[in-house]
Amino acid sequence: MTRYEEVASILRERIEHGIYRVGDRLPSIRAVCKELDVSISTAQEAYRQLMDVTLIESRPKSGYFVLPSRVPSVLPSVSRPAQRPLDISQWDQVLELVATQRDDDRLLLGRGVPNLEYETLRPLSKILAGLHRRTDLNGFNYDKLNGSPELRQQVAKLAVASGCLLHPDDIMVTTGCQEALSIALRTLTQPGDVVAVDSPSFYGTMQILKANGLKALEIPTDPQTGISLEALELALEQWPIRAIQVTPTYNNPLGYTMPEARKRALFQLAQRFDVAIIEDDIYGDLSFSLPRPRTVKSFDDDGRVMLCSGFSKTVGPGLRVGWLAPGRYRDQAMHMKYVSTGASATLPQLAVAEFVAKGHYERHLRFATRQYQRQRDIMISWVQRYFPKGAGISYPQGSFLLWVELPAAVDCVRLNERLAQHAIHVAPGSLFSASGKFRQCLRLNYAFTLTPTIEDAVRNVGELATEMVEEAQAHEACLIN
């Protein structure tokens with residue numbers, strides 16, 4: 001971190017902890033220089049960073065002042081999905097999105113990939129290079145079916161931060177979190193079974209349901225507190241639900257984090273109806289504040305929660321290192337692991353284990369989450385500036401994904417077709433529904449460095465969306481006349 005970023009971080013923390021409150025005048029440039037022993041240019045650059053994220057403003061001849069919260073004035077609506085189990089659709093759209101993941105010609109604003117350019121990841125490259133140079137070649141052999149003991153030990157240590165006390169033998173290494181989710185669902189269900197999911201829900205999980213002949217029962221979900229426990233209870237009374245699949249911490253795509261009391265209540269509800277929970281915690285470590293939120297698994301006293309996570313969103317998706325804590329379903333899950341991929345690749349496991357053990361992972365998280373929080377605020381300010389009036393915007397307290405709900409006149413599948421002319425692509429909301437709902441919604445990524453080019457692309461998205469609103473209004477006026 002540069003010196004001016006350190007100064008900006010110190011001032012940001014003081015604002016967030018209420019030392020400097022909304023409307024307060026901040027110390028002068030010279031006062032900051034004297035207190036923190038930095039140059040005038042360093043202090044000025046730190047203040048400029050805080051202004052970029054609309055945390056403060058400069059008033060001529062008066063100084064710098066704290067601005068009101070950047071929390072969006074309009075959040076996305078509470079979802080209203082169909083009240084019956086549904087077969088999954090949308091594979092064609094998912095395939096198109098996957099095919100564009102490494103498109104060099106299009107600017108991919110909606111992909112779910114972390115920033116891979118941070119200097120804090122360099123130690124991982126050195127570790128991998130060192131493992132390749134070793135002469136014993138153990139990294140080329142099969143590892144244990146449940147994964148490298150070194151990695152499982154480090155994962156068990158990391159899980160403590162989420163409230164979980166796991167033994168390394170409670171953990172199974174998988175080929176990415178996607179495989180962990182797939183193993184969990186195949187362990188618990190048979191074709192034709194019903195799985196309750198939050199709505200909207202991660203399209204990768206939805207496609208696992210589709211591939212295994214399962215039906216999704218989408219439960220109404222609040223953009224701040226998560227899946228409706230009241231609606232879930234009614235669904236459990238009405239339908240033969242085999243599992244509840246949720247992403248309760250920094251949800252993808254809606255951004256919510258369930259309050260701790262509601263996580264506990266969710267577990268108690270599952271206990272009462274004797275149903276398993278599949279918890280996706282892939283974004284849990286990307287918390288903007290400490291301590292990071294507890295998992296539902298942390299309340300699990302009878303092994304019914306299958307906790308899925310990994311390093312794809314924190315370190316790098318290409319490593320394909322995930323993990324599963326299967327609880328009481330360990331033996332069945334091990335069988336599913338064996339018949340799907342067998343042992344996961346050894347070298348990435350050893351590299352990630354060393355990266356964590358030497359403290360690089362924690363340092364990387366500290367740096368990345370500071371950047372993501374700053375870039376969240378910039379992205380929100382751009383959406384508010386360029387998108388149609390009244391757009392609902394999520395406000396995640398971790399991760400790097402933003403959910404935007406546009407006026408009903410905007411069809412984001414059609415919007416993507418228009419954006420293709422500008423070499424831009426977003427993730428349309430219909431991907432995240434069993435039936436193709438949320439067509440007026442889209443997902444944006446703020447992990448990559450937010451350059452003027454990215455701002456221009458966001459402006460293009462907003463302008464084309466506004467055109468669609470105006471076209472709908474003109475069409476409606478013609479019908480009236």
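Analyst: Let's start with a term we'll need: a residue is called buried when its relative accessible area is under 20%. Keep in mind that this is a predicted model.

User: Okay, how do I use that on a whole strand? How many residues of strand E14 are buried?

Analyst: Five of the five residues of E14 (residues 401–405) are buried, so the strand is largely enclosed by the rest of the structure.

User: And how should I read the directions of the side chains? Which residues point which way from E14?

Analyst: The general idea is that side chains in a regular strand alternate between the two faces of the sheet. Here, Leu401, Trp403 and Glu405 point one way from E14, while Leu402 and Val404 point the other way, and all are buried.

User: Where does E14 sit in its sheet, and what is the strand order?

Analyst: The open sheet has four strands, ordered E13-E14-E17-E16, with antiparallel pairing. E13 (392–393) and E16 (427–428) are the edge strands; each has a single partner strand, so one side of each is left without a neighbour in the sheet.

User: How many bridges hold the neighbouring strands together, say E14 and E17?

Analyst: E14 and E17 pair antiparallel over five bridges, with Glu405 bridged to Cys441 in E17. On the other flank, two antiparallel bridges link E13 and E14, and Gly392 is opposite Glu405. E16 and E17 (residues 441–445) are also antiparallel, joined by two bridges, with Pro428 facing Leu442 of E17.

User: What does the seven-stranded sheet look like, in terms of order and pairing?

Analyst: That open sheet runs E4-E12-E11-E10-E9-E5-E6, and its pairing is mixed. From one strand to the next, the twist averages 25 degrees. For a parallel example, take E9 (residues 241–246) and E10 (residues 276–280), which pair over four bridges; Gln245 has Ile278 of E10 as its bridge partner.

User: Switching to helices: at what angle do H13 and H15 pack?

Analyst: H13 (residues 360–386) and H15 (residues 452–480) pack at about 35 degrees, with axes 9 Å apart. Their crossing is right-handed. H13 brings Met379, Trp382, Arg385 and Tyr386 to the contact, and H15 brings Ile454, Glu455, Val458, Arg459, Gly462, Glu463 and Thr466. Sorted by class, that is five nonpolar, two polar and four charged residues.

User: Now single residues. Is Thr314 buried or exposed?

Analyst: Thr314 is buried, because its relative accessible area is 3% and the cut-off is 20%. This threonine lies in the loop between E11 (305–310) and E12 (322–325). Beyond four places in sequence, Thr314 touches Asp285, Leu286, Tyr361, His364 and Leu365. With Tyr361 there is also a side-chain to side-chain polar contact at 3.4 Å.

User: What about Glu179: which residues is it in contact with?

Analyst: Setting aside neighbours within four places, Glu179 contacts Thr174, Lys337, Ser340, Thr341 and Ser344. The side chains of Glu179 and Ser340 make a polar contact at 2.9 Å. Glu179 sits in H7 (residues 176–188) and is buried, with a relative accessible area of 9%.

Technical notes
Residues are numbered from 1 along each chain as its sequence is written. This is a predicted model: local features need pLDDT of at least 70, side-chain atom pairs count only at pLDDT 80 or more; totals for chains, interfaces and linings use all residues. Side-chain values use heavy atoms; hydrogens and water are left out. Buried means under 20% relative accessible area, exposed over 50%, partly exposed in between (1.4 Å probe, protein chains only). A polar contact is a pair of N or O atoms within 3.5 Å; within protein, one must be able to donate a hydrogen and the other to accept it, and residues adjacent in sequence count only if both atoms are side-chain atoms. Contact means heavy atoms within 4.5 Å. Axes are lines fitted to C-alpha atoms, for helices over the stretch in contact, and angles run from 0 to 180 degrees between N-to-C directions. A crossing is left-handed if the near helix is turned anticlockwise from the far one by less than a right angle, and right-handed if clockwise. Ala, Val, Leu, Ile, Met, Phe, Trp, Tyr, Cys and Pro count as nonpolar, Asp, Glu, Lys and Arg as charged, and the others, Gly among them, as polar. Two strands pair if DSSP finds at least two bridges between them.
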